[in-house]
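Please go through the chain below with its secondary structure, sheet, loop contacts and aromatic pairs in mind. A short briefing follows.

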Amino acid sequence: MKLVKRISLFMALSVVMLGLGGWGALWAEDFFYPNRYRHEAAKEPSVSVLPSQTLFESDNEAPEESEQVIEAAVADEPVVTADTLYLVEQVDLSKGTVTEREESVPVMYIGLNRDELLEALSFYGENPPLTELENGFENIELTAFSRDRVAVCKYYRQKEPEGFYLMVADHFIVVCEEDRDTLYMNTDILLERLPDSLQREIMEGKYVASEEELYLFLESYSS
């Protein structure tokens, strides 16, 4: 019986000592590390940043997708190719007539998009070839543009025939342009050899309406 009481007392003391030891450890930790658990508790809500991080990452990915869409759009932009149907419409402003014909795509236009072609046509309009100027070229514009078909319109105005004036210089007949000041050609026709009435006309400045009429006069009175 005494043995049992001793064992019970020993176990009770052990439990009390264990409890005191645990309490002492907690008190010492709190003394040396104050507010430790409060800081850890405050840090725990930081896990909520994960959704925002995911959103941030998704936001970063969005521009890449947008850039891919833009690049795809640029890649699909129509340009002129060697197989593009190239139509030229010619408008004669003097006669009021319109003609249309198909031509080969100029090599300089192949590979151009709409804006680049507009720029090229603008340059052509400002610097037309001499043959175009001789035909009375005035302007060019783009009227249709797609990958399969391009149409341009050229405007022409035929110049009215310019007349001439027969005048006198040092007793010889000279031919001046319509402004009366620009010399067109000299002749070997002496004024004195012409009929009096014709001399008076020429001294005042005789108008000749066309080259054909001018050369008929020269043939008639040249020596």
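The chain holds 7 helices and 8 strands, where helices (H or I, at least four residues) and strands (E, at least two) are DSSP runs numbered from the N terminus. This is a predicted model, in which local features need pLDDT of at least 70 and side-chain atom pairs count only at pLDDT 80 or more, while totals for chains, interfaces and linings use all residues. Residues are numbered from 1 along each chain as its sequence is written, and side-chain values use heavy atoms, with hydrogens and water left out.

**Whole chain**

- Of the 223 residues in the chain, 22% are buried; buried means under 20% relative accessible area, exposed over 50%, and partly exposed in between (1.4 Å probe, protein chains only).
- The accessible surface is about 16700 Å², and carbon and sulfur atoms account for 57% of it; the areas come from the Shrake-Rupley method with a 1.4 Å probe, and for residues only the protein chains shown count as cover.
- Of the contacts between residues at least 6 apart in sequence, 46% join residues at least 24 apart, a contact being heavy atoms within 4.5 Å.

**Sheet**

- An open sheet of 4 strands has the order β7-β6-β5-β8, with antiparallel pairing; two strands pair if DSSP finds at least two bridges between them.
- Its edge strands are β7 (183-190) and β8, each of which pairs on one side only.
- Neighbouring strands in this sheet are turned by 30° against each other on average, direction ignored; axes are lines fitted to C-alpha atoms, for helices over the stretch in contact, and angles run from 0 to 180 degrees between N-to-C directions.
- β5 (residues 164-169) and β6 (residues 172-177) are antiparallel and share 6 bridges, and Ala-169 has Phe-172 in β6 as its bridge partner.
- The hairpin of β5 and β6 has 2 residues between the strands, and Asp-170 takes a positive phi near 55° there.
- β6 and β7 run antiparallel and are joined by 4 bridges, with Val-175 opposite Met-185 in β7.
- β5 also pairs with β8 (residues 206-208), in the antiparallel sense over 3 bridges; Leu-166 has Lys-206 in β8 as its bridge partner.
- Helix α7 (residues 211-221) lies across β5, β6, β7 and β8 and runs at about 25° to β7.

**Leu-194**

- Leu-194 is in the loop between β7 and α6 (196-204).
- Its relative accessible area is 4%, so Leu-194 counts as buried.
- Leu-194 and Tyr-221 are 27 residues apart in sequence, with a C-alpha to C-alpha distance of 7.7 Å.

**Aromatic rings**

- The whole structure has 6 aromatic pairs; rings of Phe, Tyr and Trp (its six-membered ring) pair if their centres lie within 6.5 Å, and planes under 30 degrees apart count as stacked, over 60 as edge-to-face and the rest as tilted.
- Phe-137 and Tyr-156 form an edge-to-face pair because their ring planes stand at 75°, with the centres 5.9 Å apart.
- That pair links distant parts of the chain, with Phe-137 in β3 (residues 137-145) and Tyr-156 in β4 (residues 149-156), 19 residues apart.
- Phe-137 and Tyr-156 are both buried, and ring pairs link Tyr-124, Phe-137 and Tyr-156 into a cluster.
- The charged end of Arg-180 sits over the ring of Tyr-165, 4.2 Å from the ring centre; this requires NZ of Lys or CZ of Arg within 6 Å of the ring centre and within 35 degrees of the ring normal.
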